[in-house]
Amino acid sequence: THADQRFPRLSERARKKRSRRLTALFDIGALLRAFAAEVNGFDETSSGDSLARLFLDWVAESMTNKHVVFDEATCTKVEVNNELATAVLEVLFLGETGATPEETFREHNIRDLFHPREPIPDHPGFSGFGESDGVSESNDGLVPASDESVSGSYEDGEDEDDEDEDDSEEGS
């Protein structure tokens with residue numbers, strides 16, 4: 001493909017390093033909290049092009065129970081917690097949720113809340129998120145395992161420039 005010709009494939013070691021670095025730089029927890037706050041702000045005054053309104057349209061198309069996102073008492077407010085927000089973003093960006101069979105939202109298995117979709121194919125330079133990449137064991141998706149401080153260099157002390165020499169796989 002064009003991408004294969006333009007960009008050299010990264011070694012497994014380089015992919016893991018870059019995945020850790022991305023996780024350290026990009027505050028997934030803050031993204032999840034901001035997303036949940038935004039969609040939970042839905043009310044009768046929300047405009048049709050607001051994220052909260054667009055989220056409800058997406059829920060109607062993508063989730064098996066479109067009412068599960070509303071508060072149980074009045075069904076007039078959206079109530080999305082961190083676990084459901086994580087699953088939603090996983091489905092949007094990865095094509096499926098990494099929720100375990102035990103994870104639930106309002107007594108519904110999180111995996112069962114979404115219509116089946118084709119998983120998004122892996123990009124050659126993307127190793128995905130996993131426990132070995134600094135992601136929580138309880139969720140193999142988007143939630144970082146810790147709030148490590150971010151420095152200007154890679155975790156093992158190597159500079160990004162030093163790593164480039166051995167990043168590419170030979171013969172790719």
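**Helix α5, buried side.** I looked up which residues of α5 are buried (under 20% relative accessible area, with exposed over 50% and partly exposed in between; 1.4 Å probe, protein chains only). They are L84, A85, T86, A87, V88, L89, E90 and V91. This is a predicted model, so I note its limits: local features need pLDDT of at least 70, side-chain atom pairs count only at pLDDT 80 or more, and totals for chains, interfaces and linings use all residues. Residues are numbered from 1 along each chain as its sequence is written, and side-chain values use heavy atoms, with hydrogens and water left out.

**Cover.** I counted a contact when heavy atoms came within 4.5 Å.

**Length.** I compared the span of α5 (residues 82–94) with what its 13 residues should give at 1.5 Å a residue. The rule is 1.5 Å times one less than the number of residues.

**Ends.** N81 caps the N-terminal end of α5. Its side-chain oxygen lies 3.2 Å from the backbone nitrogen of E83. Just after α5, G95 takes a positive phi of about 95°.

**Whole protein.** I found 6 helices and 2 strands. Helices (H or I, at least four residues) and strands (E, at least two) are DSSP runs, numbered from the N terminus. Their order is α-α-α-α-α-β-β-α. Buried residues make up 33% of the 172 residues. Among contacts between residues at least 6 apart in sequence, 62% join residues at least 24 apart.

Note on methods: A polar contact is a pair of N or O atoms within 3.5 Å; within protein, one must be able to donate a hydrogen and the other to accept it, and residues adjacent in sequence count only if both atoms are side-chain atoms.
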